[in-house]
Amino acid sequence: MMKTTAATLLAALLTLSGNGAHALGSDYTYDTFKTADAVSWVQLCGTWGKDHQGTYRVVHADQYAQSFLYVQWMTRDANGGLHAEHTVAIAELDNDHAEIALTDLTCRATPRGIVVTAKASSGHDDKLRRVTIEVGPTAGQYRYRAQRTR
């Protein structure tokens, strides 16, 4: 009985100690960055919907020496508080294998949604890039483009 209890305890400890490990290529959801210490840039930009009932919000977070970017379709409640109707992670950036760091982020409204641009450096090479993300008009819809600048 003592062997079984010791083996069960060891198995439980090994299981608990593995919770902090991340596999390469793991995707990180927006819930990972709800705390202010990881968020480095938030911008409201443009409106969405036929009657402009909502606004876009772009959230940039820095963690694990790289950038994570999320776009949210926001609405206001009766008291004026903002609430995310939909959140999309930019898949090309939001995993721990991407190793892309963004700087000089900008957001501008367009007739169909928003365009987010940034300078991007990669942990995989020393080439500087320009990233353009066109968002909207449908919730969750975006197009990602990266261009080399040198």
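Predicted model: local features only at pLDDT ≥ 70, side-chain atom pairs only at ≥ 80, totals over all residues.
One disulfide is present in the structure. The bond joins cysteine 45 and cysteine 107, whose sulfur atoms are 2.3 Å apart. Cysteine 45 belongs to strand β1 (residues 39–48) and cysteine 107 to strand β5 (residues 100–110), so distant parts of the chain, 62 residues apart, are linked by the pair. The S-S torsion of cysteine 45 and cysteine 107 is about -100°, and the disulfide is therefore left-handed. Both cysteine 45 and cysteine 107 are buried.

The structure also contains one aromatic pair. Tyrosine 56 and tryptophan 73 make up this pair, with a centre-to-centre distance of 5.6 Å. The planes of the two rings are 65° apart, and the arrangement is edge-to-face. Because tyrosine 56 is located in strand β2 (residues 54–63) and tryptophan 73 in strand β3 (residues 66–76), the contact ties together parts of the chain separated by 17 residues in sequence. The relative accessibility of tyrosine 56 is 1%, so this residue counts as buried. Tryptophan 73 likewise counts as buried, because its relative accessibility is 1%.

Glutamine 147 is found in strand β8 (residues 142–148). With a relative accessible area of 45%, glutamine 147 is partly exposed, since the term exposed is kept for values over 50%. Along the chain, glutamine 147 and valine 131 are 16 residues apart, and their C-alpha atoms are separated by 6.5 Å.

Notes
Residues numbered from 1 in each chain as written. Heavy atoms only, no water. Phe/Tyr/Trp six-rings, centres within 6.5 Å; stacked < 30°, edge-to-face > 60°. Helix = DSSP H or I, 4+ residues; strand = E, 2+ residues; numbered from the N terminus. Buried < 20%, exposed > 50% of the residue type's maximum accessible area, 1.4 Å probe, protein only. Disulfide = S-S within 2.5 Å.
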